[in-house]
Amino acid sequence: MGKFMIEQSGPLHGEVEISGAKNAVLPIMAATILAEDHYEINDAPQLRDVDVMCRLLRKMGAEVNEDYSCGTITIQMKKIIEGEVPYDLVKRMRASFFVLGPLLAKTGRARIALPGGCTIGDRPVELHLKGLRILGAQVTDDHGYIEAVADKLQGGKVYLDFPSVGATENIMMAATLAEGVTVIENAAQEPEIVDLASFLNKMGARIKGAGTDTIKIEGVTSLHGCRHAVIPDRIETGTFMVAAAITRGDILIRNVVSDHVKPVIAKLMECGVVIEDTEEGMRVRGDVNPLIATDIKTLPYPGFPTDMQAQFMALQTTVQGPSVAIENVFENRFMHVGELNRMGANIKIDGKSAMIPGGKHLSGAEVICTDLRGGAAVVLAALVASERTEVSEIYHVDRGYERFVEKLSSLGANISRIED
Ligand code: UD1
């Protein structure tokens with residue numbers, strides 16, 4: 001297992017290209033189960049999670065070819081030979097659960113290991129199952145596995161008690177092949193939902209309203225292959241925006257949809273960061289004004305993303321003045337606080353709130369990546385910490401950041417990866 005070695009780096013400067021979105025490509029790959037045909041997915045990022053999804057599809061009988069020199073994954077979906085997803089794959093990547101809906105809709109049966117606990121919280125799946133039951137599936141829980149069976153799914157009205165991203169995606173995929181109309185109310189509105197709906201519509205599905213809180217899916221009898229380019233990763237974008245701010249640098253970020261990062265733009269501007277949309281991309285400058293504190297509160301999209309809370313907190317520790325970060329989406333998403341405190345952040349947690357005193361000069365320490373975004377947060381903090389920071393358990397970061405070290409180094413960061 002490798003480590004990152006990071007030295008204080010000074011302001012980051014230059015240009016960086018954002019990769020395709022992890023959280024868009026994973027459900028899109030799962031959706032290919034819905035039709036035995038050929039797919040070409042462009043702008044696919046080379047990530048550990050994408051690798052797991054490729055393995056999962058191969059296990060089901062698909063031919064999957066990954067060519068990251070051009071960011072293309074081609075999938076020839078074949079007749080499904082394996083309708084069971086073992087715990088080994090689900091525990092590596094929770095998004096394996098996305099195959100439940102498409103597998104059930106296509107083959108009439110799916111058996112998937114329950115995701116179980118996860119470091120950032122309980123992450124239950126009852127909303128996924130509620131939706132599939134409304135569509136007529138018999139769902140049983142058997143020795144740590146969920147088994148869903150249905151001769152033919154029927155459209156229905158599903159109200160989600162919380163706008164869960166995964167539940168919206170699973171139900172939307174299953175409903176494409178159901179008989180009649182399905183309506184998902186209080187649906188998640190994330191850009192990744194819109195990208196999945198647009199992929200499914202290219203496959204011949206009839207989905208309207210993705211990106212709003214009500215999605216209507218008119219079932220069709222069959223779907224077909226297609227070609228699709230994945231949207232840019234808004235969380236990677238936000239992470240590099242914070243990298244510019246925390247190092248008081250000046251970065252041009254290419255391949256960005258600025259609408260997708262509105263809350264991050266707003267919050268960074270409140271801190272005094274200057275952000276400008278240009279023809280070539282988004283220019284983010286932390287070197288214009290002294291940066292000041294601002295509070296954040298995570299919410300489902302279009303609120304401030306929970307996936308940016310940790311990275312933003314790293315910034316909050318270094319700006320002038322105290323601030324608060326409130327985590328409303330996951331109940332245990334402050335593991336990175338202990339690591340930031342090892343670097344001198346002195347953050348206190350009270351329930352859903354983290355109190356950040358701010359104005360800290362961080363110092364290097366031995367820290368770990370507690371999870372994917374927590375890992376990114378300690379890397380960002382290490383860029384401005386005096387002395388060397390040694391970051392271990394970096395496999396978390398490999399799950400969601402393509403060529404992270406290379407991209408940061410090209411901006412002037414003093415970071416290297418060592419394998420032990
Ligand atoms: C997705 C993202 C993840 C992001 C999260 C919230 C992917 C692969 N992952 O995860 O990066 O942090 O959205 O933006 O896209 N919940 C229930 N019951 C359910 C399902 C969810 O109570 O059946 C709760 C969860 O415990 C959590 C909240 O809903 O508190 C949000 O979870 P959800 O939107 O489902 O997140 P994921 O789809 O797992």
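**The ligand shell**

Mentor: Among the elements, α5 gives the largest share of the shell around the ligand, three residues, where helices are DSSP runs of H or I with at least four residues, strands are runs of E with at least two, and both are numbered from the N terminus. This is a predicted model, in which local features need pLDDT of at least 70 and side-chain atom pairs count only at pLDDT 80 or more, while totals for chains, interfaces and linings use all residues. Residues are numbered from 1 along each chain as its sequence is written, and side-chain values use heavy atoms, with hydrogens and water left out.

At least two shell residues come from each of α5 (126-134) and α6 (165-175). Around the ligand there are 18 residues, and Leu-127, Ser-164, Val-165, Asp-307 and Val-329 come nearest; a residue counts as near if one of its heavy atoms lies within 4 Å. By class, the shell holds eight nonpolar, five polar and five charged residues.

As for polar contacts (pairs of N or O atoms within 3.5 Å), a ligand oxygen lies 2.6 Å from a side-chain N or O atom of Asp-307. A polar backbone atom of Val-165 is 2.8 Å from an oxygen of the ligand, and for a polar backbone atom of Pro-124 the distance to a ligand oxygen is 3.3 Å. The protein buries 87% of the 740 Å² that the ligand exposes when taken alone, with areas from the Shrake-Rupley method and a 1.4 Å probe.

Finally, the ligand lies between domain 1 (2-19 + 232-419) and domain 2 (22-229), because both give residues to its shell; these bounds come from an automatic or database domain assignment.

Definitions and conventions:
Polar contact = N/O pair within 3.5 Å; in protein donor to acceptor, adjacent residues only side chain to side chain. Nonpolar A, V, L, I, M, F, W, Y, C, P; charged D, E, K, R; others polar.
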